[in-house]
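Please walk me through this protein, from its core to its charged pairs. Keep the terms clear along the way.

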Amino acid sequence: MVQSRLLDIAISEFGAKGLEGASTRGIAAAAGTAMSSITYHYGGKEGLYLAAADRIAERMTAVMGDPNDLDHDIAADDAAGARAQIHRILGRLADKMASADSADWTLFVLREQMKPSEAFERIYGGVMGQMVRQLGEFVCIATGLRNVRTARIATITLLGQVVALRSSRATCLKLLERDTLEPSDILDIKARIDANIDAILDSMRAEEQGQA
């Protein structure tokens with residue numbers, strides 16, 4: 001229990017202040033344990049940081065689900081099935097990005113996105129990497145694309161509109177003249193994301209078929 005609390009506090013502190021700015025003494029005190037516990041279990045600050053990254057990878061699997069549970073039996077010509085999976089994955093991600101509950105670990109991940117370290121490799125090696133690669137495969141099926149690189153570029157843009165709910169949260173709130181996102185706001189945003197997904201996929205499919 002103490003170790004679990006220690007890692008959760010470490011995630012919050014590292015997310016808010018970064019590796020250099022966070023204090024292991026402060027983390028230990030907040031967790032109600034001794035500094036020696038961090039040294040014993042993790043070898044020091046860097047070890048605790050990597051353990052926090054592993055914890056985030058576990059939490060992402062818990063909230064996003066195991067990609068292995070996705071329907072891998074979608075046929076290469078099942079464009080509708082692949083499209084439905086894209087909506088499902090991005091809709092679930094949007095819920096997490098909009099939730100205040102994800103603020104601590106998403107800040108940690110955003111810091112690693114800007115300046116990746118071994119911690120990012122651990123996070124990407126979990127559900128995150130599997131999810132984005134799976135999205136790229138579904139984009140290929142949904143659009144009829146044979147160019148994997150083009151599909152992955154599209155995946156970046158599809159993800160971007162969802163991640164903005166966290167990375168540009170202050171701007172979102174200003175635009176909506178809100179102090180926090182209300183359930184109705186989240187529903188409206190998700191509806192627009194769904195419409196954008198369909199517009200992007202339809203455009204790419206038309207291009208692939210030479211109709212654009």
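Two residues are in contact when they have heavy atoms within 4.5 Å of each other. Helices (H or I, at least four residues) and strands (E, at least two) are DSSP runs, numbered from the N terminus. This is a predicted model, in which local features need pLDDT of at least 70, side-chain atom pairs count only at pLDDT 80 or more, and totals for chains, interfaces and linings use all residues. Residues are numbered from 1 along each chain as its sequence is written, and side-chain values use heavy atoms, with hydrogens and water left out.

Start with two helices, H7 and H8. From H7, Met 131, Val 132, Leu 135, Gly 136, Val 139 and Cys 140 take part in the contact. They meet Val 148, Ala 151, Ala 154, Thr 155, Leu 158 and Leu 159 of H8. What kinds of residues make up the contact of H7 with H8? There are 10 nonpolar, 2 polar and no charged residues. Here Ala, Val, Leu, Ile, Met, Phe, Trp, Tyr, Cys and Pro count as nonpolar, Asp, Glu, Lys and Arg as charged, and the others, Gly among them, as polar.

Two packed helices are described by the angle between their axes and the distance between the axes. The axes of H7 and H8 (residues 148-167) come within 8 Å and cross at roughly 115°. Axes are lines fitted to C-alpha atoms, for helices over the stretch in contact, and angles run from 0 to 180 degrees between N-to-C directions.

Now turn to the core. A nonpolar core is a set of buried Ala, Val, Leu, Ile, Met, Phe, Trp, Tyr and Cys residues joined through side-chain atoms within 4.5 Å. Buried means under 20% relative accessible area, exposed over 50%, and partly exposed in between (1.4 Å probe, protein chains only). The largest nonpolar core has 59 residues, and Phe 14, Leu 48, Ile 86 and Phe 108 touch the most other members. Helix H7 (residues 118-143) gives the largest share of this core, 13 residues. Take Leu 48. Beyond its neighbours within four places in sequence, Leu 48 has contacts that include Leu 6, Phe 14, Ile 38 and Tyr 42.

Next come the charges. Side chains of opposite charge can pair when their charged atoms come close. In a salt bridge, a side-chain nitrogen of Lys or Arg lies within 4 Å of a carboxyl oxygen of Asp or Glu. By this rule there are 11 salt bridges.

One of them joins Arg 55 and Asp 8, at 3.1 Å from N to O. Arg 55 sits in helix H4 (residues 45-64) and Asp 8 in helix H1 (residues 2-21), so the pair ties together parts 47 residues apart in sequence. Arg 55 is buried, at 19%, and Asp 8 is partly exposed, at 28%.

Arg 83 pairs with Asp 198, with the closest N and O atoms 2.9 Å apart. Arg 83 belongs to helix H5 (residues 79-98) and Asp 198 to helix H10 (residues 183-208), so this bridge ties together parts 115 residues apart in sequence. Arg 83 is buried, at 17%.

Arg 146 and Glu 208 form another salt bridge, at 3.4 Å between the closest N and O atoms. Arg 146 lies in the loop between H7 and H8, and Glu 208 in helix H10. Arg 146 is exposed, at 70%.

Last, look at Glu 177. Glu 177 is in the loop between helix H9 (169-176) and H10. Glu 177 is not a glycine, yet has a positive phi of about 55°.
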